[in-house]
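Please work through the following exercises with the sequence and the structure at hand. Each task is followed by a worked solution.

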Number of protein chains: 2
Amino acid sequence: MNTQHIMDILKRVDLFDGLSDAYLEALGGIARHMSLDKGQTVFFAGDAGNGFYLVRSGRVKIFKSSFSGKEHILHVFGFGEAFGEVAVFAGDKFPASAMTLAASELLFFPRKAFLELLAKEPELALQMLALLSKRLRSFVNKVEELSLKEVPARLAGHFLLLAASGNTSTFHLDLSKTELSKYLGTIPETLSRVLKKMDDQGLIHGNGAEIEIIDMQGLEELAEGVSKL
Amino acid sequence: MNTQHIMDILKRVDLFDGLSDAYLEALGGIARHMSLDKGQTVFFAGDAGNGFYLVRSGRVKIFKSSFSGKEHILHVFGFGEAFGEVAVFAGDKFPASAMTLAASELLFFPRKAFLELLAKEPELALQMLALLSKRLRSFVNKVEELSLKEVPARLAGHFLLLAASGNTSTFHLDLSKTELSKYLGTIPETLSRVLKKMDDQGLIHGNGAEIEIIDMQGLEELAEGVSKL
DNA sequence: CGGCTGATTGAATCAGATCAACTGCTGTGG
DNA sequence: CCACAGCAGTTGATCTGATTCAATCAGCCG
């Protein structure tokens with residue numbers, strides 16, 4: 001909780017990569033600490049946002065809910081990742097809601113103080129531009145998947161990503177199946193059925209949250225939309 | 001085509017708002033001019049991108065196409081709008097494809113030269129951050145609409161936007177109905193049916209590309225998902 | 001006057017959502 | 001320590017919004 005501790009965190013944050021210790025010190029100086037239980041709301045879509053957040057521990061989901069209560073998860077952020085920046089640079093309302101998926105500690109960077117610091121360090125602006133660009137890229141993917149691909153293809157793509165990030169053919173799901181279905185833009189029932197079908201057809205072997213990829217190429221074809229379940 | 005002419009353009013570009021003449025001069029100095037016919041490809045998704053573009057005249061659509069040939073239009077950009085920036089700041093591949101919807105003139109800003117200039121002008125970095133943030137916001141909306149709303153709601157929302165931007169209850173569609181359907185994540189047949197239904201129910205009156213909103217509140221309820229067609 | 005492209009309409013089909021019932025696990029309190 | 005409440009997950013039956021396929025129509029250009 002002391003300054004030194006915060007410095008350790010900030011040094012490991014991609015967004016702040018390559019910044020001087022003195023500058024990180026200044027950043028740490030403006031950050032406010034927050035501690036939240038599981039399932040607590042950080043902010044709602046439409047709330048006025050006067051700063052952004054950084055995940056120090058735990059996990060946070062960013063999502064949109066519909067009038068009828070359906071929910072679509074846009075991102076899940078973990079250690080060292082930032083969210084809520086959009087409200088800092090454009091408009092002042094958060095475009096989506098944020099809620100903790102587990103007990104979490106967050107750092108909050110107030111807009112005004114952050115912008116003042118940003119003006120002094122062009123490198124940080126570039127990092128921020130890179131971050132937002134990557135996020136745009138991921139949104140392009142999401143739109144592509146939602147609009148151009150079916151649920152099995154999306155799920156296959158997700159599995160391939162998980163496998164690639166861990167560099168193994170076996171991994172365990174990073175979200176409960178209910179949350180995963182909301183992330184993929186579907187519902188638990190459909191996810192369950194697709195999972196079963198993939199298993200039946202020998203593409204994967206699933207055991208609870210443990211997934212083993214059996215037929216990597218088959219999954220890739222499915223993800224590309226070349227083949228179907 | 002001469003420098004003066006380019007300066008006139010640059011001065012009217014939101015992204016470059018508030019920048020000094022000298023700086024705009026420098027920007028104009030690195031820009032390359034391009035002239036394209038209708039239906040020409042500016043770049044394909046996955047192409048290496050070593051710069052971004054600004055629309056000087058005409059219109060350009062940014063889209064993703066699926067393996068099976070379906071296409072989803074992410075944005076349509078007109079005068080003074082920039083596209084392809086993602087490749088400048090993150091990775092080097094364009095996440096989506098770009099094609100002219102009409103004969104167009106573009107300005108191309110090479111990455112390296114642009115980044116050098118950017119480093120000298122923090123204000124431009126802020127404008128760029130604002131631009132990307134706005135774009136992120138629009139993507140959040142798109143995902144919300146695709147995943148959480150049905151076609152009638154998306155179309156109603158689009159109409160309300162068009163009406164709001166022109167401040168009139170009558171307007172004409174900015175895209176052909178086929179292109180509009182690709183923008184809304186559906187197909188021409190469905191769009192046609194929904195349009196007819198809206199007309200039948202007295203929400204709008206359509207005549208070719210001319211649309212008149214009859215029942216604004218009804219449309220709003222439809223867009224929100226409160227009511228259905 | 002053809003012939004092309006965009007738009008419309010109808011019929012059939014399909015992917016996925018909804019509704020409902022059931023299983024199994026976990027954690028809590030008697 | 002067991003019972004049971006409660007929630008995640010699964011499975012089945014049904015429904016529906018939207019796509020697909022097919023045919024027709026309207027406008028426009030050469």
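**Exercise 1: DNA strand D**

Task: Determine which element gives the largest share of the surface near DNA strand D, and describe the residues of that surface.

Solution. Step 1: α8(A) provides the largest share of this surface, with 6 residues. Helices (H or I, at least four residues) and strands (E, at least two) are DSSP runs, numbered from the N terminus. The model is predicted: local features need pLDDT of at least 70, side-chain atom pairs count only at pLDDT 80 or more, and totals for chains, interfaces and linings use all residues. Residues are numbered from 1 along each chain as its sequence is written, while chains are lettered from A and ligands numbered from 1 in the order in which they are written.

Step 2: There are 16 residues around DNA strand D, and those that come nearest are K177(A), T178(A), S192(A), E150(B) and T190(B). A residue counts as near a strand if its C-beta atom, placed from the backbone, lies within 6 Å of it.

Step 3: Two or more residues are given by each of α7 (177-183) and α8 (188-200) of chain A, and α6 (151-166) and α8 (188-200) of chain B.

Step 4: By class, the surface near DNA strand D holds 5 nonpolar, 5 polar and 6 charged residues. Here Ala, Val, Leu, Ile, Met, Phe, Trp, Tyr, Cys and Pro count as nonpolar, Asp, Glu, Lys and Arg as charged, and the others, Gly among them, as polar.

**Exercise 2: DNA strand C**

Task: Identify the residues closest to DNA strand C and the elements that supply its surroundings.

Solution. Step 1: Of the 15 residues that surround DNA strand C, the closest are E150(A), T190(A), K177(B), T178(B) and S192(B).

Step 2: At least two residues each come from α8 of chain A and from α7 (177-183) and α8 of chain B. The largest share, 6 residues, belongs to α8(B).

Step 3: The surface near DNA strand C divides into 4 nonpolar, 5 polar and 6 charged residues.

**Exercise 3: Chain A against chain B**

Task: How many residues does each chain bring to the contact?

Solution. Step 1: Chain A contributes 38 residues and chain B contributes 38 residues; two residues are in contact if their C-beta atoms, placed from the backbone, lie within 7 Å.

Step 2: On the side of chain A that touches chain B, β5 (71-77), α3 (86-89) and α5 (122-148) of chain A give two or more residues. The largest share is that of α5(A), with 19 residues.

Step 3: This side of chain A comprises 21 nonpolar, 8 polar and 9 charged residues.
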